[in-house]
Amino acid sequence: MATDNDTDKSPTEADDLPVSRRSVFRSAAALAGAAVAGGVVGRYLGNSQPAAAPAGDDHKPPVQGAKSASAQAAEQVPGRIVKPASGPGERPIKLGFQAHRTGIGAGYGGWYERTTRAAVKVINEIGGIAGRPIELIVEDDGTDPKRGAEVVEKFATQHKVDFAFGTLFSHVVIGSAPRAGELKLPYLVVSEGYHVASGALNRYVFQPGLSDVRSQVTAISSWVMDNLGKKATIIFPDYAFGYNHRDFFGAAVAKLGGTIKALIPIPPTESSFTKYFPKIPSDTELLYHVMVGPGVLTFVREMGEYFGSKRPQIFGFIDSLEGVDMASPGLEFLEGTYFWEGLPRYAGEYPTRGHKFYREKLGLSDSGASVDDAKDVSNNSHMFGCWETLFIIKEIVEQSGYREATPRDREAFIETLENTRWFNEGIEHPQGHKMFIGKTHQSHSQQFISKVVDQKLKVVHRTSIEDSLYEPETDYTKRAL
Amino acid sequence: MRQRPSGKILALHAGIIVVLLVAQLFLPPYHHTNLARIMVFASFAVGYNVLMGYTGLLSLGHAMFFAAGVYGAGLTVFHLHFGAIEAFGAGVLSGLALATAIGLVALRTTGVSFLIVTLMFAQAAFLTTLHFNQITGGDQGLVISSELASLRIGSFEFSFADPAVKYNAALLLFAVSFAVSMALVYSPVGRVLIAIRENEARTRMLGYNTYKYKLLSMIISGAISGAAGAMYALLFSYVGSTFASIQYSIFPLLWTLVGGVGTLMGPILGTGLMFYVVDVSSGLTHSHLIVVGIVLVVLVLWFPRGIVGTVRERWFPWLP
């Protein structure tokens with residue numbers, strides 16, 4: 001037995017044969033180093049995704065002169081943004097932006113941050129919030145729910161922000177929301193998931209700037225069924241995002257008298273999809289796909305090779321190709337297929353004044369990329385939610401009389417927002433009018449259906465807000481503050 | 001033959017617990033919660049260190065044990081409305097049972113093979129959490145705060161939303177993990193584990209059934225990791241498949257390496273240091289992972305055996 005009579009001697013000290021220990025240590029160090037290096041590389045790969053944009057017609061823009069997104073990015077100081085001089089005796093309104101700078105959300109996160117900074121700049125130029133400038137504090141959550149919760153705590157207890165906002169990925173929202181509720185910090189997410197409206201979170205969590213996936217699917221179903229076919233097959237990623245589409249579109253198809261011919265889940269680790277296409281029934285009229293992630297270009301190319309010139313109608317969510325140039329090699333097969341868009345990528349497809357103003361301030365080209373880099377395609381169907389959320393914070397603070405991060409003022413903010421019904425289209429809401437449902441803490445808006453024509457997205461239909469409504473399944477207003 | 005830690009060793013380690021106990025009275029709110037979280041993850045690292053540091057088995061699959069604890073506690077609260085204590089017990093048992101099952105198979109391999117097998121099992125566990133999305137919440141996860149009742153002990157009621165409850169529950173977990181780890185290291189079983197780490201063939205030649213000892217080490221390691229996962233779910237109200245991902249297998253490895261492999265204090269030091277390196281650097285630069293990488297390189301150069309390991313090697317050889 002390997003004992004030692006010297007009780008002060010470390011039990012880890014071996015008298016000989018340190019080979020196994022050393023090799024274990026070296027292996028572990030190499031693995032940890034590789035993991036860190038992988039993380040660094042991954043961060044840059046993640047950020048290499050592109051950016052987008054649309055155009056509009058509405059209110060008079062109160063501010064002139066936009067900078068390009070790249071120019072704005074170049075002058076950004078990590079962590080904090082412009083801290084404009086506040087009025088005499090007025091402290092700035094502190095907003096905590098939970099950013100996906102690293103991790104799998106970095107491709108989206110970069111444009112979310114640019115949109116946020118552009119909106120903050122505009123709001124500060126037009127007088128701030130209730131006459132007080134915005135001080136923006138940005139923290140990277142690594143697209144990780146554990147870190148997300150830590151960031152919310154940091155906002156609440158260290159930075160002492162008035163509001164936190166901007167989170168996109170569902171698991172980060174769901175992981176962070178309990179802490180926002182416990183710390184009684186209003187938390188306005190831009191996530192698209194149904195988790196807010198489902199009632200799974202708490203009274204401090206809102207999603208007023210972006211419609212949820214259930215309302216999007218509900219809105220487009222009728223047009224898709226009437227125009228593209230009633231016998232549908234759904235191809236979806238085999239995890240929660242895909243299940244939302246499977247369940248909500250599947251229910252809509254049944255309700256509208258259609259038939260689901262097949263449900264084809266694809267595991268998240270899959271890198272080749274050819275074995276799944278033969279599972280599509282031959283009498284399928286409509287192929288509904290919501291693939292996302294790095295394999296999506298392969299998915300499209302292999303789908304094109306499988307079908308050739310004879311294919312069913314195809315409808316997808318632009319989430320698959322956010323940040324991807326529609327003229328990318330391999331996407332030719334998408335010609336003539338249809339996509340949902342939250343806000344049109346191409347200028348001229350939604351030419352309102354508010355949308356034009358928004359694009360100008362963001363520095364978006366007509367094709368929805370950065371004016372400085374045509375390959376830097378935006379996430380225009382989602383990122384407007386950050387812009388609109390910031391203007392909603394401004395509107396509700398000013399209406400509620402919110403001044404300090406006290407329980408009373410925060411309650412006033414929450415109750416005022418819950419009692420707000422409409423946010424009107426304009427430079428504040430370039431995507432269009434929003435109907436806000438206080439019970440679900442969720443906004444509903446118009447949706448766009450676009451067709452790929454000449455490798456561009458051309459809007460062929462706009463849904464009404466009413467198309468996107470569904471019966472609320474919860475009532476946050478009855479929960480304790 | 002049982003060894004006993006000397007008075008100064010006992011005093012040092014008890015002092016760490018006392019410092020952590022008293023620190024809550026002075027820490028600002030942000031660092032107060034941070035330290036609670038650090039203690040939970042340090043317990044995870046303590047569990048990992050039992051296997052890697054004291055038995056010499058390098059696992060790349062410990063996320064599955066942590067996740068077993070997260071799901072064992074979280075799902076019993078969410079679906080079966082367990083109370084906190086019962087849910088915590090379910091989490092510990094989940095980690096223990098999974099470690100037993102995995103250990104029975106994986107310990108038939110050694111070295112790099114063991115590493116690969118644990119990695120593969122962990123990946124299977126991760127995909128399982130996605131596959132049973134209706135139960136686990138899949139990649140999005142579940143919030144359990146609305147289902148978790150306050151903990152009642154006698155006439156006292158403790159809410160997990162209370163920062164003091166979070167802190168002291170985390171401290172209790174860490175103190176117990178720490179004590180178990182120390183007791184193990186000084187026990188006859190612990191001495192055999194160290195002997196296996198140093199030279200398994202020689203230990204076997206001396207008549208020990210090394211397979212059984214390694215299995216016991218894996219079970220203890222899995223149970224402590226499961227306890228940490230269960231505590232995380234209860235204190236922070238979230239369960240999700242992220243905790244079963246490869247990232248959460250690398251974290252305890254990293255924390256243990258930085259703090260000092262095969263040292264009792266290494267896991268808490270490594271966990272705390274890495275937490276604050278990430279926290280501070282991410283507030284200073286977009287490219288904080290580069291800073292983290294540089295810090296790790298510096299640590300490896302100056303503290304090749306981890307911080308406590310190098311301190312022990314150079315100055316305080318009596319440190320366990």
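1. Two strands count as paired if DSSP finds at least two bridges between them. Strands here are DSSP runs of E, at least two residues long, and helices are runs of H or I, at least four, both numbered from the N terminus. With that in hand, look at S6 (residues 231-237) and S8 (residues 286-289) of chain A: they pair in the parallel sense over four bridges. One pair to find on screen is Ala232(A), whose bridge partner in S8(A) is Leu286(A).

2. A quick word on what you're looking at. It's a predicted model, where local features need pLDDT of at least 70 and side-chain atom pairs count only at pLDDT 80 or more, while totals for chains, interfaces and linings use all residues. Residues are numbered from 1 along each chain as its sequence is written, with chains lettered from A and ligands numbered from 1 in the order in which they are written.

3. Now zoom out to the sheet. S6(A) and S8(A) sit in an open sheet of seven strands with mixed pairing, in the order S7-S6-S8-S9-S10-S16-S17. S7 (259-266) and S17 (456-462) of chain A are the edge strands with a single partner each, so one side of each has no neighbour in the sheet. From one strand to the next, the twist averages 25° (angles run from 0 to 180 degrees between N-to-C directions, and axes are lines fitted to C-alpha atoms, for helices over the stretch in contact).

4. Helix H7 (residues 240-255) of chain A packs on this sheet and touches S6, S7 and S8 of chain A. Here, contact means C-beta atoms, placed from the backbone, within 7 Å. The direction of H7 makes about 165° with that of S6(A).

5. What about S17(A)? Strand S16 (residues 448-453) of chain A pairs with S17(A) in the antiparallel sense over six bridges. Ile449(A), for instance, has His461(A) as its bridge partner in S17(A). The two strands form a hairpin with two residues between them, and Asp454(A) in the turn has a positive phi of about 55°.

6. Chain B deserves a look too: it has 14 helices and four strands. Its radius of gyration (over C-alpha atoms) is 19 Å, close to the 20 Å from the globule rule for 320 residues, so chain B is as compact as a globular protein of that length. That rule is 2.2 Å times the number of residues to the power 0.38. The C-alpha atoms of chain B fill a box of roughly 55 × 50 × 45 Å, taken along the principal axes.

Definitions and conventions. Two residues are in contact if their C-beta atoms, placed from the backbone, lie within 7 Å.
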